[in-house]
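Welcome, and please open your viewer. We will go from stop to stop, selecting a few residues each time.

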Amino acid sequence: MTVQELDVPEGVGVDVRVVHTVVASPLGPITLVAHDGGLSALLLQSSKYESVQGPFGERADDEFDEVQTQLDEYFAGTRTQFDLPLHLVGTTFQRRVWEGLLRIPYGHTRSYGELAAEIGLDPRTSSRAVGAANGRNRIAIVVPCHRVIGADGSLTGFAAGLERKRFLLGHEAKGRPREHLLF
């Protein structure tokens, strides 16, 4: 996956082309947003942060064919890893956490503390900050924030709702041996 960093302070105009589309999924309509051709948001309807994600730009349905294809393959169970250009729009710390999310394999989970340790932070002091950055992830599913769970194995925090998180984890657990169940 190609990750291009885009550090855009709120309210600052830059010469970046922003476009969007809306596609169907088993989780309901998904709004896809791209900055200069890199996927910058995958927003599930009624997400906690849906209203604060920034401008969507003009509608450009024909510019998201590869994203749609890979999402369809993911939901069909034939794709376990996305290969898309990404624009991670956030702070340096948030991007560090999101890049850590990209390293969590399909069908596996990490606790917030484990994720903190994997990106080089002290889990005793950084778990909450990692959780906050995880919750601000704009590219759900592709940047798999749903794979992060509580230290006790509980399903905690998902901006699009715990039912959707449960669905995604269950979807990724299908066909896996029982000892690898996610929850």
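The tour below visits a cavity and then some salt bridges.

Before we start: this is a predicted model, in which local features need pLDDT of at least 70 and side-chain atom pairs count only at pLDDT 80 or more, while totals for chains, interfaces and linings use all residues. Residues are numbered from 1 along each chain as its sequence is written, and side-chain values use heavy atoms, with hydrogens and water left out.

**Stop 1: the cavity.** Select Ser40, His87, Leu88, Val89, Trp98, Asn137, Arg138 and Ile139, which line the largest cavity. A cavity here is a set of points on a 1 Å grid over the protein atoms alone where a 1.4 Å probe fits but cannot get out, and lining residues have an atom within 4 Å of a point.

**Stop 2: Arg110 and Glu118.** Next, show arginine 110 and glutamate 118, a salt bridge whose closest N and O atoms are 2.7 Å apart. The term means a side-chain nitrogen of Lys or Arg within 4 Å of a carboxyl oxygen of Asp or Glu. Arginine 110 is buried at 17% relative accessible area, whereas glutamate 118 is partly exposed at 41% (buried is under 20%, exposed over 50%, partly exposed in between, with a 1.4 Å probe and protein chains only).

**Stop 3: Arg147 and Glu172.** Now select arginine 147 and glutamate 172, another salt bridge, with closest N and O atoms 2.9 Å apart. Both residues, arginine 147 and glutamate 172, are buried.

**Stop 4: a network.** Finally, pick Arg17, Glu58 and Glu63, which salt bridges link in a network. The structure holds eight salt bridges.

Terms used: 1 Å grid on protein atoms, 1.4 Å probe; cavity = no way out; pocket = protein on both sides within 12 Å on 5 of 7 lines; lining within 4 Å.
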